[in-house]
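My notes are below, in the order I looked things up.

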Amino acid sequence: MAKLSTPARKDLPKSAFGLPGSKKYPMPDAAHAANAKARATQQVEKGNLSPSSKAKIDAKANKIIGKK
């Protein structure tokens, strides 16, 4: 996965994030999308993320990755 620098992350549009309102879970490419899914799963297990937010992240990531 390519490193996403702070300036590059700041330049991403809100639509490139799994949670655009809080600009969390950036997904500029398929590798970042897969990573966002994994991190979201971890956060749900820890109780830091709701299952509905995880579902939104997963749906967006699946579109980027190309899964149905």
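This is a predicted model: local features need pLDDT of at least 70, side-chain atom pairs count only at pLDDT 80 or more; totals for chains, interfaces and linings use all residues.

Residues are numbered from 1 along each chain as its sequence is written, and side-chain values use heavy atoms, with hydrogens and water left out.

I looked up lysine 23 in the loop between strand 1 and strand 2 (24-26). Strands here are DSSP runs (E, at least two residues), helices are too (H or I, at least four), and both are numbered from the N terminus. Lysine 23 counts as partly exposed because its relative accessibility is 28%. Its phi is near 50°, a positive value in a residue other than glycine. Tyrosine 25 sits in strand 2. It also has a positive phi, about 60°, and is not a glycine. I noted the background: most residues other than glycine have a negative phi. Is tyrosine 25 buried or exposed? It is buried, because its relative accessible area is 15%.

**Entry: phenylalanine 17**

I found phenylalanine 17 in strand 1 (residues 17-19). It is buried, at 1% relative accessible area. I then listed its contacts (heavy atoms within 4.5 Å). Leaving out residues up to four places away in sequence, phenylalanine 17 touches Arg9, Leu12, Lys23, Lys24, Tyr25, Pro26 and Lys60.

**Entry: helix 2 and helix 3**

How do the axes of helix 2 (residues 30-46) and helix 3 (residues 51-65) cross? They come within 9 Å and cross at roughly 160°. I fitted axes as lines to C-alpha atoms, for helices over the stretch in contact, with angles from 0 to 180 degrees between N-to-C directions. Angles under 35 degrees count as roughly parallel, over 145 as roughly antiparallel, 65 to 115 as roughly perpendicular, and the rest as oblique. Helix 2 and helix 3 are therefore roughly antiparallel. Residues making the contact include Ala33 and Ala40 of helix 2, and Ile57 and Ala61 of helix 3.

**Entry: the core**

I looked up nonpolar cores: sets of buried Ala, Val, Leu, Ile, Met, Phe, Trp, Tyr and Cys residues joined through side-chain atoms within 4.5 Å. The largest has 9 residues, among them Tyr25, Ala33 and Ala61. Helix 2 gives the most to this core, with 3 residues.

Terms used. Buried means under 20% relative accessible area, exposed over 50%, partly exposed in between (1.4 Å probe, protein chains only).
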